[in-house]
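Biologist: I would like to learn how to read a protein model. Can we take it feature by feature?

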2 protein chains.
Amino acid sequence: MNIVVFGGGMIGRAIALDLVQDKGCRVTVADVSKRTLDFFRNRRNIGTLKADLTSPPEIQKAIEGHELVIGALPGEIGFNCIKSCLEAGKHVVDICFSPEDPFLLDQLAKEKGVICLVDFGLAPGCSNLLLGHLMATMNQLYHFECHVGGLPLKRQEPWEYKAPFSPSDVLQEYIRPARFVEKGEVVTLPALSRPEIVHFPEVGPLESFLTDGLRTMLRVRHQVPSMVEKTCRYPGYRERILLLRDSGFLNQNPVQIKSGTIRPIDLTLQLLSSIWKLEPGEEDLTVMRVTGQGLDKKGREVNRTWVLFDCYDKESGTSSMARTTGYTCSAALRLITSRRFTTPGVSPPETVGQDPECFNFIMRELKKRNIDVKESTEVVSFQK
Amino acid sequence: MNIVVFGGGMIGRAIALDLVQDKGCRVTVADVSKRTLDFFRNRRNIGTLKADLTSPPEIQKAIEGHELVIGALPGEIGFNCIKSCLEAGKHVVDICFSPEDPFLLDQLAKEKGVICLVDFGLAPGCSNLLLGHLMATMNQLYHFECHVGGLPLKRQEPWEYKAPFSPSDVLQEYIRPARFVEKGEVVTLPALSRPEIVHFPEVGPLESFLTDGLRTMLRVRHQVPSMVEKTCRYPGYRERILLLRDSGFLNQNPVQIKSGTIRPIDLTLQLLSSIWKLEPGEEDLTVMRVTGQGLDKKGREVNRTWVLFDCYDKESGTSSMARTTGYTCSAALRLITSRRFTTPGVSPPETVGQDPECFNFIMRELKKRNIDVKESTEVVSFQK
């Protein structure tokens, strides 16, 4: 099996290294940065290709001879790249988290008879799988919520934050309006709204706030009338981002200054990218809590909760965010190669998660890699 | 008497309007901005001149026919401008607060036989006058401290701050290392060091921190072995500035971004200038507390304190910072025109304040304009 991984950053790297453990699997990593590709030199069964993946001809060249594509690019360039792959008749597992609606590609994927699994990271990703699983295993789901965050283990002022994936995508989380579901309707508020303190025993109190993380899950709002996703950070971080945003430092429109014209976000990205960079060997951690409230198959009102707490892997030098995101993605790819999932078209994880075999397969794959998503159920009341 | 005011901003304006109250006084306001000058149209005894005061020929033209010059320009262009005025043999009262040492001009002023009064604002300015007065009226001065701040009356998130003078000079206060005096030696720390909560009954707790406000006062460190000046802001402000500074947004060196090269401070100044702008009619307030500790003429150990609390003047629409800074400056000019002060060369307020007549004159002038600096003395112990 020949697979090409688009993007050799922290997460693409974890995926490539995981996939080549499989018998008969050969991986090519394509990236625009020679420095990024240098990491893979002399790795068994991993080839590299320097390619500008914003250029259709270079995409064409990169996918030649590969049956499957993993999209692990920054969001802003992901969508068009994935589209080109589908046009070329390749199966795709995508974790670019582009702003565009992936269902715009559904018709194309169906016509080509290929599978396009989108948003198969941690959250979106695992969280959506759990939503699908809840939908399939309960009589009724009233409310779904997800609190999730990737954080550095060591808290360093002033930010107490490191970006575990593309810093431009991190900043986009604070700019893009956040959509959530109330009474079956999509409600939109500015990102960072509705701050709430949440407690994770392993890290203490965190501050959470709305970000636009539901994405494809918004489509099931008629079955699940209340849904919300919040991002978790060490307390105080939200105010710092608000300070930047309210002062104009996240503005995407050009501003005139004496030396010329500049988009403030470009400078902010440049400055924060270096401050937010995880140092080599720097440990990160990931927390996620997903809760579904509703009636179970026995008609009882229950709260079902899954909690994930994951750490940097010192042995392989893999960040926790790369582990939790990348291994969900590589497991999704194995759904295709093992023919557990065969439906052509665009499928998000909440669809895949409704199939017990697919759901259990991914959970088992994560557990094998020491990513344990602990489930608990609280019975609130028995229905008459 | 013909006076030219260089700079028609908030403070230059207050000075010009104050000076033309005097019999026989004619004022010209010179500024590069036509919009700034429009304010003075049809004001009795005030002429205007559009001039780029970074250009020596335009400075020459502006001072022609005037006996005295007031420097009320942003710090970065002040020094050279003042120098040109002295070269042309004009008396100068300067509140540009330029980074350069004003004593570099002492020889020049003496050669020309002209008076150059520097740093005659509030702090530096009034605070220095009080230091001079303390030095003249006490047997020994152990310690001198000044806490001072200009703040908006209405606290608006996220900054709870408006710049009552040139925003570029405000930002420089946070960049320029802060010098203070310990055991008779000059000590330098980064600006914003040594945070301390101070209480002003009229505004509640404020946060204060080191800024480079002692300036010329550093020269008397052998007579006053401990001296410190701190800037006061509403609590939380310091952390916000530190966030910007530590993230690189106050950096003065160019940074490469995708659209070109930019000095981060230039963008920051552009963005904050508009957010920090006092709206027309917006009320500000000024607080200052100056304390001298030492032995009085009777040999008692005393703490002598002066407290100033001043507000926006609704009637004339004059900001409190313009009142306290501008009226100290205009009073200093009257020291020259009334021949109370006649010494050629550069003189800072701590020198002038040692002359009881000059000191009392300025305090009386401020009081006439409802700026009351309340003095109190606490006797700590009687010396044996």
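**Strands, a helix and rings**

Modeller: Eleven bridges join β15(A) to strand β16 (residues 300-311) of chain A, and the two run antiparallel. Two strands pair if DSSP finds at least two bridges between them. Helices (H or I, at least four residues) and strands (E, at least two) are DSSP runs, numbered from the N terminus.

Biologist: What should I know about the model itself?

Modeller: It is a predicted model: local features need pLDDT of at least 70, side-chain atom pairs count only at pLDDT 80 or more, and totals for chains, interfaces and linings use all residues. Residues are numbered from 1 along each chain as its sequence is written, chains are lettered from A and ligands numbered from 1 in the order in which they are written, and side-chain values use heavy atoms, leaving out hydrogens and water.

Biologist: Which residue is the bridge partner of A:R289 in β16(A)?

Modeller: A:V307 is that partner. β15(A) and β16(A) form a hairpin with three residues between them. In the turn, A:G299 has a positive phi of about 85 degrees.

Biologist: How many bridges join strand β7 (residues 138-152) of chain A to β15(A)?

Modeller: There are 13, and these strands run antiparallel. A:H143 stands opposite A:Q293 in β15(A).

Biologist: Why is β15(A) largely enclosed by the rest of the structure?

Modeller: Buried means under 20% relative accessible area, exposed over 50%, partly exposed in between (1.4 Å probe, protein chains only). Strand β15 (residues 284-296) of chain A has eleven of its 13 residues buried, so it is largely enclosed.

Biologist: How do I check a helix?

Modeller: Compare spans. The expected span is 1.5 Å times one less than the number of residues. Helix α9 (residues 264-275) of chain A has twelve residues and should span 16 Å; its end C-alpha atoms are 17 Å apart, which agrees. Buried residues in α9(A) include A:P264, A:I265 and A:L272.

Biologist: How many aromatic pairs does the structure hold over all chains?

Modeller: It holds 17. Rings of Phe, Tyr and Trp (its six-membered ring) pair if their centres lie within 6.5 Å; planes under 30 degrees apart count as stacked, over 60 as edge-to-face and the rest as tilted. The A:F39 and A:F40 rings have centres 5.1 Å apart and planes at 90 degrees, so the pair is edge-to-face.

Biologist: Is A:F40 buried or exposed?

Modeller: A:F40 counts as buried, at 1% relative accessibility. A:F39 has 27%, so it counts as partly exposed.
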